[in-house]
Amino acid sequence: CIIAYLNFRRFPELKSREADKAVPLGDVVARMTAEDEQQGLSPNDYIPLMRLAAESQRFGGVRMLGYEAVRDEEKEMQLDAVSFLIPDGTLFCAFMGTDRSLVGWKENLNLSFMDAVPAQTGAVAYVEDMARHCPDRPLRIGGHSKGGNLAVYSAMNCSEQAYARIEKVFSHDGPGFTAEALASADFAARSGKVSKTVPESSLIGMMFEQQEPYSVVCSTASGFLQHDPFSWVVEGTDFARADTVSRGAALLDRTLNQWISGTSRADRAGFVNALFSILSAPGEDTFSGLKGNLSETVPVMFSQFTDLSAEQRGYLVHAIWGLVKAFGPDVDLSAVSRIFSG
């Protein structure tokens, strides 16, 4: 799941979905350079981990195939996946989490009001296609962060034939689901194959009302930084486990989820669209692009904010009002309301 964050666009041979054309892990990593490094937000380099995996007895025989990378601003879609032929005879389909792009993060927030975002339906199609190309192999599916959500969604919504071949689904601190999103999915019947792990201070993995069964892992980091899987503690061949998420994380998660469930889908959509109309105004397509030139991007975003319609400002007001009220019921937000409406 960590290796899925790496950028394999320079390796067209990995796009093949034929098992006999799969490429050994070591052959790929030997040709990788800094430009192929991980595309997420972690401060760590991932190529050294892939190199160690390729040199290890456990992962040395793994072969790669089926690389797919989709960025579609019109569809508001970000989907990255790569598969692995495991020496035990299984096929592991791994989905990357969110990258640094604005469209990737907007799609994340779209999860709060859409029954299915394009990356989720794309994940189902990906698993089905890989299953067809490797018809004799049992399946494992997994991912970290948004990738974990995609892994679970694909398993909950794939065909009966593909689902019967799934041995396990791994969601590593992946967001849950809104009640609406799973209304038509046979979640209860299929969730038994899901193995979900969250750190003690999980935020991302505990979002939304509908959660898969999960276990808690220990982390060497604190707060939101525990989302980084490099901080998760390993003992022997497994994670070091904790009994439950921290009290502070439980309160934060419960409050955020109450806010989400207490807000209409129309209001959630309005808030997300208004927010990203501001963030996208400078013309940058990544958060690093926005941060790298604040003297120019901030004035453009502020100008975009002042140009918002009354309806768009209303969505921002209601969302911020609801969020602050959820955390501090006695807070007087009349001054904030005047700022946004003025």
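1. Contact means heavy atoms within 4.5 Å. By that rule, S277, I278 and L279 of helix 9 meet M301, Q304 and F305 of helix 11. Helices are DSSP runs of H or I with at least four residues, strands are runs of E with at least two, and both are numbered from the N terminus.

2. This is a predicted model, in which local features need pLDDT of at least 70 and side-chain atom pairs count only at pLDDT 80 or more, while totals for chains, interfaces and linings use all residues. Residues are numbered from 1 along each chain as its sequence is written, and side-chain values use heavy atoms, with hydrogens and water left out.

3. The protein chain has 13 helices and eleven strands. Of its 342 residues, 49% count as buried (under 20% relative accessible area, 1.4 Å probe, protein chains only).

4. How do helix 9 and helix 11 pack? Helix 9 (residues 265–279) and helix 11 (residues 294–306) have axes 8 Å apart, at an angle of about 140°. Axes are lines fitted to C-alpha atoms over the stretch in contact, and angles run from 0 to 180 degrees between N-to-C directions.

5. R137 lies in the loop between helix 4 (118–133) and strand 5 (139–144). Its side chain reaches the backbone oxygen of G89 at 3.2 Å. Leaving aside neighbours within four places in sequence, R137 contacts R63, L85, I86, G89, T90, L91 and R165.

Technical notes
A polar contact is a pair of N or O atoms within 3.5 Å; within protein, one must be able to donate a hydrogen and the other to accept it, and residues adjacent in sequence count only if both atoms are side-chain atoms. Buried means under 20% relative accessible area, exposed over 50%, partly exposed in between (1.4 Å probe, protein chains only).
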